[in-house]
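Let's take it a piece at a time.

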Amino acid sequence: MNKDRAWPVIDVMREVGGAHGVSVARVALAYVLAKPFVTTVIIGARNTEQLEDNLAAADLTLSPDQLKALDEVSALPSEYPGWMFARQGGNRVPKPFVKA
């Protein structure tokens with residue numbers, strides 16, 4: 001795990017959690033649940049209090065601005081070959097379609 005990348009994400013989750021009066025863990029789970037491609041989330045509660053907090057994430061609705069902030073801070077850097085494709089094709093302008 002890249003801890004240097006994790007701290008800024010946690011800072012944003014703390015801000016969001018403070019706005020809702022909830023824990024960072026609840027924000028993290030609500031963020032994952034807000035993704036349309038996520039079908040399930042595995043939680044790891046050690047006690048009843050954590051379990052209840054984790055389950056309450058299903059009822060937390062994050063605003064579009066909060067989701068955007070979390071998307072931006074947690075975005076992974078592009079890896080090879082993805083960055084190379086963007087670099088090679090970045091100056092290309094597609095020709096207009098001409099119907100024959």
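## Glu49

Glu49 counts as exposed because its relative accessibility is 64%, where exposed means over 50%, buried under 20% and partly exposed in between, using a 1.4 Å probe and protein chains only. Glu49 sits in helix 3, residues 48–56. Between the C-alpha atoms of Glu49 and Val73, which are 24 residues apart along the chain, the separation is 28 Å.

This is a predicted model, in which local features need pLDDT of at least 70 and side-chain atom pairs count only at pLDDT 80 or more, while totals for chains, interfaces and linings use all residues. Residues are numbered from 1 along each chain as its sequence is written, and side-chain values use heavy atoms, leaving out hydrogens and water.

## The chain as a whole

The chain has 5 helices and 0 strands; helices (H or I, at least four residues) and strands (E, at least two) are DSSP runs numbered from the N terminus. The radius of gyration of the chain is 19 Å, whereas a compact globule of 100 residues would be near 13 Å. That radius is taken over C-alpha atoms, and the globule rule is 2.2 Å times the number of residues to the power 0.38.

Along the principal axes, the C-alpha atoms fill a box of roughly 65 × 35 × 25 Å. Of the 100 residues, 19% are buried.

## Helix 1 against helix 4

Now to a helix pair. The axes of helix 1 (residues 3–20) and helix 4 (residues 64–74) come within 9 Å and cross at roughly 170 degrees. Helix 1 is therefore roughly antiparallel to helix 4, a label for angles over 145 degrees. Axes here are lines fitted to C-alpha atoms over the stretch in contact, with angles from 0 to 180 degrees between N-to-C directions.

Residues in helix 1 including Val9, Met13 and Val16 meet residues in helix 4, among them Ala69, Leu70 and Val73; contact means heavy atoms within 4.5 Å.

## The nonpolar core

Which residues form the largest nonpolar core? Its 12 residues are Val9, Val12, Met13, Val16, Val27, Leu29, Ala30, Tyr31, Ala57, Leu60, Leu62 and Leu70. Such a core is a set of buried Ala, Val, Leu, Ile, Met, Phe, Trp, Tyr and Cys residues joined through side-chain atoms within 4.5 Å. Helix 1 and helix 2 (24–33) are the elements giving two or more residues to this core.

Leaving aside neighbours within four places in sequence, Val27 is in contact with Met13, Val16, Gly17, Val22, Leu60, Leu62 and Leu70.

Key. Parallel < 35°, antiparallel > 145°, perpendicular 65-115°, else oblique.
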